[in-house]
Amino acid sequence: MRKIFLFLILSFSLNLNAEVKPANYDFSLESLKVFKPGSTRAAFEKKYGKGEVWKEENKTVILKYYVAQIRYKFPVFVQVFDGKVVDFFARLPTYFLHDLFHQSIINRVGKQDKYFRVENNALYKWVNKKGIDYTYSGTCTITCFPIFYSEALNKPPGGMNKYKPLVEQFNSSANLEESLKRGSSQ
């Protein structure tokens with residue numbers, strides 16, 4: 001009797017044909033295309049609204065938006081000069097799989113030009129691909145997942161003084177402290 005019961009359970013479980021898909025199987029970099037350097041502020045405001053102003057100085061403004069993916073939202077910071085996007089920085093959800101996300105960037109831009117690795121953290125750089133620098137960071141614990149993705153103009157537009165891409169601004173210790181203070185007060 002036990003053998004028949006075990007046989008029925010095994011044969012039933014083999015017929016389930018279940019498929020498990022990664023959490024970001026349907027995420028595409030096209031979702032971030034509206035923030036691509038060179039696009040207009042009006043284009044992404046049409047899709048995402050006004051956004052939260054983080055910093056404003058002369059004709060330069062840094063805005064914060066949230067992009068929804070399945071049940072999660074992740075922040076995207078956009079630096080705009082004179083109505084046009086200069087760069088953006090997306091803090092990606094940790095449930096995304098590194099291999100899929102990294103491969104999607106390679107499919108879109110090509111193989112990275114630079115690769116830096118320190119312990120379990122990696123930084124990938126694509127330099128001056130059609131005037132844009134791409135930066136992607138991922139890390140590994142039990143699984144590997146992305147940390148951030150950034151696109152920035154290789155050269156600042158004329159008239160923009162003291163241009164510093166968001167990826168560099170967020171990695172300086174002074175701005176990190178300021179960002180942490182803002183984060184704890186909200």
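This is a predicted model: local features need pLDDT of at least 70, side-chain atom pairs count only at pLDDT 80 or more; totals for chains, interfaces and linings use all residues.
The side chain of glutamate 151 meets that of arginine 108 in a salt bridge, with an N to O distance of 3.7 Å. Arginine 108 is partly exposed, its relative accessible area being 30%. Both residues also take part in a network of salt bridges that includes Lys36.

The structure holds 5 salt bridges. Side chains of opposite charge can pair when their charged atoms come close. One of the salt bridges joins lysine 129 to aspartate 113, at 3.4 Å from N to O. Here too, distant parts of the chain are linked: lysine 129 is in strand 6, and aspartate 113 is in the loop between helix 3 and strand 5, 16 residues apart. Lysine 129 counts as partly exposed, at 25% relative accessibility, and aspartate 113 is likewise classed as partly exposed, at 41%.

A further salt bridge is formed between the side chains of lysine 50 and glutamate 45, with 3.8 Å from N to O. With a relative accessible area of 61%, lysine 50 is exposed, whereas glutamate 45, with 18%, is buried.

The buried residues of helix 3 are His98, Phe101, His102, Ile105 and Val109. These residues cover an arc of only 95° around the axis and therefore lie on the same side of helix 3. On the other side of the helix, Asp99 and Asn107 are exposed. The buried residues pack against three strands, namely strand 6 (121-129), strand 7 (132-140) and strand 8 (144-153). Just after helix 3, glycine 110 takes a positive phi of about 115°.

Positive phi values were also found in residues other than glycine. Most residues other than glycine have a negative phi. Asparagine 58 has a phi near 55° and is located in the loop between strand 1 (52-57) and strand 2 (60-69). The relative accessible area of asparagine 58 is 77%, and this residue is therefore exposed, the cut-off being over 50%. In glutamate 119, phi is near 50°. Glutamate 119 lies in the loop between strand 5 (114-118) and strand 6, and at 68% relative accessibility counts as exposed.

Key
Residues are numbered from 1 along each chain as its sequence is written. Side-chain values use heavy atoms; hydrogens and water are left out. Buried means under 20% relative accessible area, exposed over 50%, partly exposed in between (1.4 Å probe, protein chains only). Helices (H or I, at least four residues) and strands (E, at least two) are DSSP runs, numbered from the N terminus. The arc is that of the directions from the helix axis to the C-beta atoms. Contact means heavy atoms within 4.5 Å. A salt bridge is a side-chain nitrogen of Lys or Arg within 4 Å of a carboxyl oxygen of Asp or Glu.
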